[in-house]
Protein chains: 4
Amino acid sequence: MTNTQVTLVQIDNYGPWTVTPEPRREADLQTMQSRLYADISQFVGNRGGYTFFTRFDNMIAVTNGLDREDHALLQESVGNRYPVTLSLGIATGTNPVQALADATARLQEAGSAQDKHRRECLEGRTIDDAYRADDDVQIAHFDVINATGNYTDELNAFDTFIEIEQGYAELMRHMRYAHDSLSFFVGGDNVIVVCPDLEAADYEEALAHVEEAVDVEMQVGVGRGKSPHEAGFDAKHALETCRADGTRVELEWKTA
Amino acid sequence: MTNTQVTLVQIDNYGPWTVTPEPRREADLQTMQSRLYADISQFVGNRGGYTFFTRFDNMIAVTNGLDREDHALLQESVGNRYPVTLSLGIATGTNPVQALADATARLQEAGSAQDKHRRECLEGRTIDDAYRADDDVQIAHFDVINATGNYTDELNAFDTFIEIEQGYAELMRHMRYAHDSLSFFVGGDNVIVVCPDLEAADYEEALAHVEEAVDVEMQVGVGRGKSPHEAGFDAKHALETCRADGTRVELEWKTA
Amino acid sequence: MTNTQVTLVQIDNYGPWTVTPEPRREADLQTMQSRLYADISQFVGNRGGYTFFTRFDNMIAVTNGLDREDHALLQESVGNRYPVTLSLGIATGTNPVQALADATARLQEAGSAQDKHRRECLEGRTIDDAYRADDDVQIAHFDVINATGNYTDELNAFDTFIEIEQGYAELMRHMRYAHDSLSFFVGGDNVIVVCPDLEAADYEEALAHVEEAVDVEMQVGVGRGKSPHEAGFDAKHALETCRADGTRVELEWKTA
Amino acid sequence: MTNTQVTLVQIDNYGPWTVTPEPRREADLQTMQSRLYADISQFVGNRGGYTFFTRFDNMIAVTNGLDREDHALLQESVGNRYPVTLSLGIATGTNPVQALADATARLQEAGSAQDKHRRECLEGRTIDDAYRADDDVQIAHFDVINATGNYTDELNAFDTFIEIEQGYAELMRHMRYAHDSLSFFVGGDNVIVVCPDLEAADYEEALAHVEEAVDVEMQVGVGRGKSPHEAGFDAKHALETCRADGTRVELEWKTA
């Protein structure tokens with residue numbers, strides 16, 4: 001059984017801030033957002049977690065290995081270095097979608113994302129070290145088969161982007177509704193999916209579904225570990241096996 | 001008539017680099033990519049341009065106001081500060097999709113995105129200052145109507161993301177195939193679209209199409225200017241008018 | 001007794017890199033160096049340590065609370081995101097100068113700072129958690145009395161800088177040779193000093209020496225803790241007491 | 001004759017901010033300061049200028065090539081992305097120390113560095129393009145002869161730092177009082193000096209003075225150009241000649 005710890009990272013009252021007292025330069029907003037994301041990714045990542053940029057004003061992180069003190073330190077450090085602050089909602093469970101729903105509910109109960117009096121909330125609980133297990137996190141790393149040869153070197157850059165985006169949009173919906181999983185585009189032609197206890201057949205079904213629906217061929221490596229980094233690192237190695245052997249689904253931990 | 005200058009920014013041989021000699025930590029890749037994007041956004045943005053993160057390994061910029069020397073300096077500066085290098089393809093035209101297609105073709109002719117001998121190419125020409133005009137760039141800034149009230153404060157964070165992502169996916173395809181425009185998600189519930197010479201009726205049609213297709217209600221402000229920043233700033237002001245007045249389409253330059 | 005853990009952070013073969021194949025743009029070197037420092041400061045700092053920029057190509061960190069695994073992760077993460085790599089030497093002891101000398105010696109034994117075959121060395125041992133104590137680190141935080149009123153708002157910016165620099169230069173030499181302490185300018189008019197087991201009289205002597213030698217009046221707050229952050233935070237609070245009460249030396253832990 | 005344009009960059013009311021409502025984590029302050037410096041260095045640098053970190057809360061830039069609009073954009077961009085704001089004072093002249101004194105006076109007249117009502121001042125004038133000349137800026141780039149062999153690989157890292165710091169402290173005072181020049185440590189064993197119209201004999205005198213006073217042997221390359229980058233780049237090449245030929249003073253523009 002997986003036990004995924006999910007953190008919803010929400011910039012406090014961000015929308016209004018971006019247009020107060022009048023709209024701010026878009027390039028500055030883009031720079032600030034992506035650097036804030038980079039910093040959170042680094043903080044969470046060097047403790048073994050994964051952070052996804054998602055909508056930038058709402059980021060989703062898998063934080064097995066970080067306790068409440070770590071979360072509080074992240075808030076403090078961002079508050080010391082950025083013109084915006086963060087609220088954090090944390091929840092855990094065997095079903096990543098349910099965990100995120102719980103994390104979201106905790107922040108929603110604390111106040112609206114655009115409530116100017118809701119600042120630096122920290123809601124929810126983390127998994128005690130004593131309860132962490134070696135198979136708490138399952139990560140699947142998908143990519144598009146021969147994306148460079150079939151798309152990047154052939155189509156114009158936007159049409160390639162549309163193809164990959166379509167594959168992602170279909171995969172994200174399918175994995176969420178059919179498999180209770182959270183899928184995130186992470187650049188290039190890569191999608192990282194945070195999963196409950198899925199099996200090879202589930203991934204084969206998902207690949208077939210995406211190919212059928214939008215004609216994008218993907219492959220996937222899957223890993224399992226105590227932390228997102230461990231699970232994700234195994235998933236990357238499994239995906240290397242797909243690339244080398246021409247297989248479509250590789251589960252690293254099955255062979256361990 | 002618009003005359004959009006588009007730059008395709010491609011990290012050289014990036015995919016292979018990310019797994020050589022073995023897969024690199026995902027959090028480091030995410031940090032590096034988003035900071036590289038932030039730096040390019042800042043460089044281009046403080047010269048009046050716009051950069052979109054797109055796939056991160058392939059970024060698309062609108063660069064009216066930057067000459068070849070600026071592009072070369074960006075390449076040099078990134079090469080001095082990052083473990084990766086950039087190739088740049090530039091093209092211009094009345095149709096942004098065609099301009100991007102031309103920019104892409106120039107890089108493709110220079111070599112594959114995964115050719116390790118193709119490094120720091122700079123291909124294509126920019127618009128001479130003497131030929132720049134006050135209406136060269138048309139930018140539309142879309143957002144989802146009451147996204148915070150309808151989605152962020154109501155659904156779980158991933159289901160909100162799916163809704164916004166669906167709206168974006170539909171809009172990007174429609175604007176590209178029906179209106180020769182390039183659409184980019186820029187965070188929150190915002191999509192910025194680089195357009196040819198479109199009129200209010202075109203935007204109304206697009207809004208109706210997206211609502212019909214995926215049931216996401218959007219509004220749009222449109223601006224026009226010599227540079228992306230000028231056009232985009234007017235678009236932001238126009239979008240503020242939508243928000244204040246409850247209108248769906250506002251064209252700032254019509255009232256100028 | 002203090003037990004300071006010191007890490008020498010050395011960029012591998014940096015000098016030659018800055019001029020190969022020809023000199024790199026100074027602004028890029030400055031940007032890269034200071035961002036690399038910022039990242040190390042953040043990594044070490046959110047584990048309770050302190051990092052000083054020192055010469056930028058050689059940085060000195062106080063790393064009580066970080067183990068070898070943390071050090072290795074820092075090396076890996078920098079190697080994934082920068083065009084340069086780091087070697088690290090670690091040593092511990094009651095005398096910070098001796099600890100740094102030992103840390104330095106370990107790297108020197110591994111090879112020259114400009115040996116292109118010496119890359120990503122990690123030498124030395126950290127303090128086992130079982131041996132860490134609440135008074136392992138002593139930090140003194142000095143500043144110049146009324147620097148803004150006496151200097152910044154009165155002299156030209158360079159002459160102010162010369163005054164502060166002179167105070168620092170005298171303090172760093174005196175604290176090193178008379179008190180086995182490591183002093184670092186940290187911006188503004190602030191100097192942070194990593195000390196062995198010093199007493200109030202030692203700080204009074206140092207303040208008197210600096211005032212006598214270069215006519216710069218300073219004050220100092222001193223703290224003690226398990227980590228540099230804890231000791232330094234107490235030192236900052238003690239310095240606030242100096243500012244509020246007009247005292248010259250405050251030792252926070254004496255009053256605890 | 002040189003005509004140096006100097007900008008004093010001052011963080012508004014920074015000291016009080018660092019301790020309000022209570023002292024902020026030192027590692028966060030260090031990270032924020034050095035990244036802010038990096039951003040300014042990049043903005044100014046990719047327009048041909050040089051920025052020196054100096055005291056971090058007061059930075060000094062040589063900005064030939066930047067107009068008031070550029071300065072205003074820098075202020076706006078920093079204000080959009082950081083928790084602090086900048087005030088800028090600009091002045092020009094044949095004597096860099098006098099130019100900095102004038103730039104400082106303009107900010108001092110606008111208010112104290114710790115006046116919380118003085119925010120985002122922009123004072124002073126830049127050189128009109130029509131009046132810029134190819135020899136407006138003279139830059140000297142000093143380093144310590146065989147610093148790696150004599151110090152870094154021999155002494156402990158702090159004693160090396162003391163040696164280099166001593167050389168710098170002596171050079172900065174001497175160049176300021178004897179030669180109206182502004183000297184900045186830029187990392188490693190490098191010092192960059194912004195000079196008026198000095199000749200080879202002046203540099204020889206300065207080298208002899210430093211060697212006599214503190215027994216540190218330095219060499220220097222000097223360049224001249226329309227912008228700091230051009231002058232500084234020639235200075236770097238000249239310094240490479242010193243390193244190759246064993247000479248002590250090289251003036252690049254004499255051979256042009």
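The legends below describe several views of a predicted model, beginning with the whole chain and continuing with one of its sheets. In this predicted model local features need pLDDT of at least 70, side-chain atom pairs count only at pLDDT 80 or more, and totals for chains, interfaces and linings use all residues. Residues are numbered from 1 along each chain as its sequence is written, chains are lettered from A and ligands numbered from 1 in the order in which they are written, and side-chain values use heavy atoms, with hydrogens and water left out.

**Figure 1. Overall fold of chain A.** Chain A contains eight helices and 10 strands; helices (H or I, at least four residues) and strands (E, at least two) are DSSP runs, numbered from the N terminus. Its radius of gyration is 19 Å, close to the 18 Å that the globule rule gives for 256 residues, so chain A is as compact as a globular protein of that length. This radius is taken over C-alpha atoms, and the rule is 2.2 Å times the number of residues to the power 0.38. The C-alpha trace spans about 55 × 50 × 30 Å along its principal axes.

**Figure 2. Burial and charge in chain A.** Of the 256 residues, 66% count as buried, a term that means under 20% relative accessible area with a 1.4 Å probe, protein chains only. Chain A carries 21 positive and 44 negative side chains, and the centres of the two sets lie 9 Å apart. Lys and Arg count as positive and Asp and Glu as negative, while His and the chain ends are not counted. Each charge is placed at NZ of Lys, CZ of Arg, CG of Asp or CD of Glu.

**Figure 3. The five-stranded sheet of chain A.** Five strands form an open sheet in the order 2-3-1-4-5, with mixed pairing. Strand 2 (50-52) and strand 5 are the edge strands, each pairing on one side only. Two strands pair if DSSP finds at least two bridges between them.

**Figure 4. Strand 1 and its partners.** Strand 1 (residues 4-11) pairs with strand 4 in the antiparallel sense over eight bridges, and A:Leu8 has A:Gly89 as its bridge partner in strand 4. With strand 3 (residues 58-62), strand 1 forms five bridges, also antiparallel; here A:Val6 is partnered by A:Val62.

**Figure 5. Strand 4 and strand 5.** Strand 4 (residues 86-93) is mostly covered, with seven of its eight residues buried. Two bridges join strand 4 to strand 5 (residues 122-123), and these strands run parallel. A:Gly89 stands opposite A:Glu123 in strand 5.

Key: Buried < 20%, exposed > 50% of the residue type's maximum accessible area, 1.4 Å probe, protein only.
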